[in-house]
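Hi everyone, thanks for making time.

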Amino acid sequence: DTDRALVLLEEYCKKLKKPEEQQLKKAIKKVMGIFKSSLFQALLGSFTKKATRHGAISHPSRPAAVAYDVLGCPKD
């Protein structure tokens, strides 16, 4: 779910304090803005419905799982 992915990105962003990490922090904030946009949410909803219908997505919180993998977070 996108909300969980956003929470993970926000938590990671808070840890970026060094000057050399500010460019990464800015890029992450840009991605977060895209995730929050109504267009992205609509596209994600449409994709998820179609993919679930065709059996391509077996778990509804796939965006959060990807964020866990990218950020190296343990999965609960």
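I'll go from a helix to the core and then to a ring pair.

One thing to keep in mind: this is a predicted model.

Let's begin with helix 1, residues 2-15. Which residues of helix 1 are buried? They are Thr 2, Ala 5, Leu 6, Leu 8, Leu 9 and Cys 13. Looking down the axis of helix 1, you'll find the buried residues within an arc of 160°, so they line one face of the helix. Turn to the other side of helix 1, and Asp 3, Lys 14 and Lys 15 are exposed.

In soluble globular proteins, nonpolar side chains tend to be buried together. Here the largest nonpolar core has 6 residues, namely Leu 6, Leu 9, Cys 13, Leu 16, Ile 28 and Met 32. Helix 1 and helix 2 (22-36) each bring at least two residues to this core, and the largest share, 3 residues, is from helix 1.

Setting aside neighbours within four places in sequence, Cys 13 is in contact with Lys 25, Ile 28 and Lys 29.

Last, the aromatics. The count is 1 aromatic pair. The ring centres of Phe 35 and Phe 40 are 4.9 Å apart and their planes are at 20°; with under 30 degrees as the cut-off, the pair is therefore stacked. As for Phe 40, the residue is partly exposed, at a relative accessible area of 25%.

That's my tour, and I'm happy to chat.

Methods:
Residues numbered from 1 in each chain as written. Predicted model: local features only at pLDDT ≥ 70, side-chain atom pairs only at ≥ 80, totals over all residues. Heavy atoms only, no water. Phe/Tyr/Trp six-rings, centres within 6.5 Å; stacked < 30°, edge-to-face > 60°. Buried < 20%, exposed > 50% of the residue type's maximum accessible area, 1.4 Å probe, protein only. Helix = DSSP H or I, 4+ residues; strand = E, 2+ residues; numbered from the N terminus. Arc of directions from axis to C-beta. Core = buried A, V, L, I, M, F, W, Y, C linked by side-chain atoms within 4.5 Å. Contact = heavy atoms within 4.5 Å.
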